[in-house]
Every structure is written in structure tokens, then in C-alpha cells.
Amino acid sequence: MRAAVTTHPAAPARPCTAGSSAGRVPRHAAVPRRSVARRAVEAPGAEVPPLSEEVAAKLAELGIDFDRSGLKYLSNDARMRALDRKSTKFEKTKNEKCGSHMWSDVTELAALIREGKTSWEDLDLDDVDVRLKWAGLFHRRKRTPGRFMMRLKLPNGELTSEQLRFLGDCIAPYGEDGCADITTRANIQLRGIQLEDADRIIEGLRQRGLTSFMSGMDNVRNITGSPIAGIDPHELIDTRPLCHALNDAITSQGAGNAALTNLPRKINIGISSSRDDFAHCHINDVGLKAVRDPESGRVGFNVELGGYFSIKRNVMSISGDTFLTQEQVVPYCIALLEVFRDHGARDDRQKARLMWLVEAMGVDAFRSAIEQRMGQSLRREVHVAYDDVWERRDVLGIHPQAQEGLHWAGACVPAGRLLASDFHALADAADTYGDGSVRLTVEENVIVPNVPQERLAALQADPLFQRFPVQGGNLLRGLVSCTGAQFCSLALVETKNRALEVVRKLEAELDIPRLVRMHWTGCPNSCGQAQVGDIGLMGAPAKLDGKAVEGVKIFLGGKIGENPELAKEFERGIPVDESILLPRLRDLLISEFGATPKQAAQPAAGASAAGSAGQAAAEPAGAAA
């Protein structure tokens, strides 16, 4: 008997075994695609600009229901750009029906499926494959038809043990189809979700202070901060309160905010608390870097704008020539989102990220537009000089906190893959050794904070931290990977499982004297951030013996921290066949990173963990294949 995730009160069990289709309505060609009752979505307190005559005429010409559309909170100029015949297909989809409707529609759709009145196959295609992303549900039609990835909102990457156990319970009923990933935004993506369970999961998230709303498509993505915020001896500020306050303002405390849900493209926001820049501000659309104002001595933020990766362009952020007080952070970001919403391009999604607007307007004009929205002037960037060189710290391992007698333990989660049992084991570890909380990192790892000195030995001996090593090998600890072809239809290569196998073999063959950050990404969208790594591997075409095969581009030289640099393309068209890729990587590790061949073929520290974790990561693959 397979039971759906329970909330309070408990939801009734659904009589369906994992992986079966029991209880479903077979798809028939004659059944019309279903949608649910149409309604307007409001954003309390947000102003709806009056319709211009030009917009009203265009709506009438195209037969668009204004209240149902995503045009409601846009300026009239933005409305006309969205309604233009040259606007993208996604703009036309939003014009027809705003994705914010899915915040309520998902409940009705799930109920219809449970009641046997429809099936996911018979629902409106745009609702299933596009608009459900506004509720955090991503349909992987090509890879796992009928199953969804659910992306959460976890500002600053914080989770409690109760939340961890609930997330494990969400995917446990799906057996081999259920797994999860820690992402490069210190977030969680649940896999294997069926639509008939989605409303109960969403309600369970809400009861535990979490949400999946506004986590996909043209919304602000998870807000990143420092994974050691509040416990870091070197931080200038605890980023957690600002990350949560900003997330609450953008999402209306997780309920969804229709006024900010139809941006031209997604927006990434990072808040950095120290010279380490754990949030990677240089590759965020909006980066807020903490500095101490030389005039007042107060900590505020210099603004960076425009960093992003895509097929079209890869660029680091530039100075926004703005300094914010802590009190200005939330109103500034809301004003920036409104300016982006009303002025950003809607005719080419490859030229619709924030950088393109900043460049088109100019930094000064962009800042002035934000000032006008805020109703106040903003200070220019504060210039701070340092006499020393600050090396970005590795948060994995055991480290003393700012609080005397307490430590944090940073554990490597190989390739960021988690199974249902891992969530429960992490929750138990957080309760047993720490304060019942964990932090996620943008390197897809986990931190257990507030561990007393006397519990450190027991923590390191715990079976969980044999699989998720606190002292992993120098490749395993630096491994980052996107989802890859196992679940993502855009990926040109499988990443996670292959990356783990490559790491296992390289660590068995080489002594690697320092951390080497190896980033794998399946396609040029670079969700795995290949341009950030010491070594980056990006899925790309290749040939072997004259035949097209899976391949990668290799990037070298990415730097993170105080003086970041993007990696440069080093080589392209390398087949991922181990007989070719492994020697290339081995040579690079020796020539560029000081690795030396081992005298005896004994596994390096952490290599066995990589091997066992690789098997764990592969477990869900059989069902997905």
C-alpha cells in the first residue's frame, strides 16, 4: 500500500504501489484537455496600472481576458511589448493565462486526478509543461512522463530536522523514482512527484514554513547567503534575516505574489557576508556584498548587477555603483524587480536577463529608475581597500564557530544527491549532534552547525558521515554537478553518476595535494556552473572513430571569492569515453594542480565514499531509464 504524504490532519492513503498506474484514468484521444475554473489572481496592496486605450484595443483584437492574463501588474509599455506579435511564445502563454493561477489550480487538478475524473495526460499542455512551474512543479515529459520535479524556496539554505523528515517522507512513497538534489542555489529539488499528490505536499510545506511557489520560470530564484551565517567568526553580518525578509516580501510570505511573478526572465539574488563571497555574487543578477562604511562604521552592501550564464552569453556581474544600508536592501530589491518587470525585453529570451537591461539603460539611469520607485536617493558605491590577500575558506570539515565551545561540521554530499533515507539520517544527526538545523551550500553540500566539542568524535564516527564524509578527498569535496541527462532533456551528457565514477578512479590513482573544484554541467545553460570551477566540464558534441558520441568541453581557471574570474575554454570535443577523458583529466591534475601518481593502487581518502555515494546516486536511475 502506497500512502501519500500526510499533513495535519492526515490525508487518506492512496491505494497505489510505487511505480504502478493503479487508480489512474487511461488516456483516450477523445477526452478533452482539462483546465480548472478561471479566476483572477490578486496581489494585495499592489497597484494595477489603468489600461491605456492602445492596450485595451490590443486585448480586444487578440481576445485576451485581462484579469486572467499575466499582464495585470505590468506597465502599459510592458503590456504592449508582451502583446507584440514578435514577443516570445512564453510571453504569449503568460498573456493567455498567468502562471500565478496554478497556486490554486494545482489543488483542483490534483483532486480531479485522485477522483478519477481526469489524468495528467488530459490536462492543458501549457498548464502541465509551463504554468505549473509557477507552483514549483516541473514536468519532465521526455525523461519521466507523469512525474514532476518540485523545487522549493529555502532562503539562505536553512532547514530544520522537522522539515528534513517531511521532505524525505515526500519522496519515500515513490520508491526508486523518488530522490532529491541539493542545487547550486543551496536549494532542494524533489524528484518523482506525481501531480495527484502535489496539493498535499504543498500544504505540508506550508505547515512547516516552506513553499515551492515562485521557484521556477520568470520569478526570483532561491536567495542565497552564507552557509555559516551567524556562526562565522569572520562575517560582517548575519545574512539570514535579510534573506528571509526579502524572500517574504517577494513571495508574500510564501503564498505567491502576482505583482512580481511575470518578470521578463528569472532573477538570481545573492547576499554576501564576508570577503569569501559564499553566495557567488559575481554570477548573480543581483549581488549584495557586505562592506563596512568607512564614514559611519556601519555594515552595508555594495551592489553588483548582471552576472549570469546562458547559451548566448556568460558574464560576471558589474558594479551597480550603489551602496545600501541594511534597511534599504528589501525596498531596493523590490524596486529593482519592478523596473526589470516594466522595462525588460520580452521579444528574445536570450537577451532578456537583467544585464541586457542594465547595459541598455546604463548603470546611472538604471539606478535613477530604482530611486524613483523607492522615492529616495541612493549613495554611490563605497570603496574599501584591503592590505592582505583573502583566500576563500573551505567550509567542509570541522571548524570552530564564533560561539565559544561550538563547531560546525561541513559534510560532502557526493554530487548533491539525496535519497529519502538520507533526509531522515540528516535530521537525526542535526538533532543528535547540533541544534536540530542544517545549512545547504551552493557547492551542493551540507553543514551541521552548533556542535559542542564533546560531540565531534561521535559525529565523525556516525555511519551517515562515512557516506557523506567530513574529511573527503580533494576531488570529491570539490565536485559539483547539474542534474544531467538522467532527468533533464536539455543535457547532452549524463553528469552526476559519471562524475562520481571519474572522481573515484582519479582519487584512486593520484595523490592530489589540495582541493580541486570540478564542475560538471550537461549543456551550455551551465546549471552546474562549469565556468566557476578550477576544472569545468560542459556537455558538447564530440566524435570518436568518426562517429558522433557524448562529449564535453573542458574549462580551466575559474576563481571564486574576493577576486573572482570565470574559467576559460581549454579544449572542446573531448569524448566522455573513459579511455579518453580520464587520461586528459589525469594529465591536467598533474600539470596544473600538483597531483602525483600513487605508488600503490590504494583508494585515496574519500574515494571509497565517492564510490558508495556513486552507487547511491545511481539507484534511482533504473526506474528513470
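User: What makes Gln253 count as exposed?

Analyst: Gln253 has a relative accessible area of 62%, and exposed means over 50%, buried under 20%, and partly exposed in between (1.4 Å probe, protein chains only), so Gln253 is exposed. This is a predicted model, where local features need pLDDT of at least 70, side-chain atom pairs count only at pLDDT 80 or more, and totals for chains, interfaces and linings use all residues. Residues are numbered from 1 along each chain as its sequence is written, and side-chain values use heavy atoms, with hydrogens and water left out.

User: Where is Gln253 placed, and what is its phi?

Analyst: Gln253 sits in the loop between helix 8 (240–251) and strand 6 (269–272). Helices (H or I, at least four residues) and strands (E, at least two) are DSSP runs, numbered from the N terminus. Its phi is near 55°, a positive value in a residue other than glycine. Most residues other than glycine have a negative phi.

User: Why is Asp321 called partly exposed?

Analyst: Asp321 has 25% relative accessibility, so it falls in the partly exposed class. Asp321 belongs to strand 11 (residues 318–324), and its phi, near 45°, is also positive.

User: Why are Cys523 and Cys412 called buried?

Analyst: Cys523 is buried because its relative accessible area is 9%. Cys412, at 1% relative accessibility, therefore counts as buried too.
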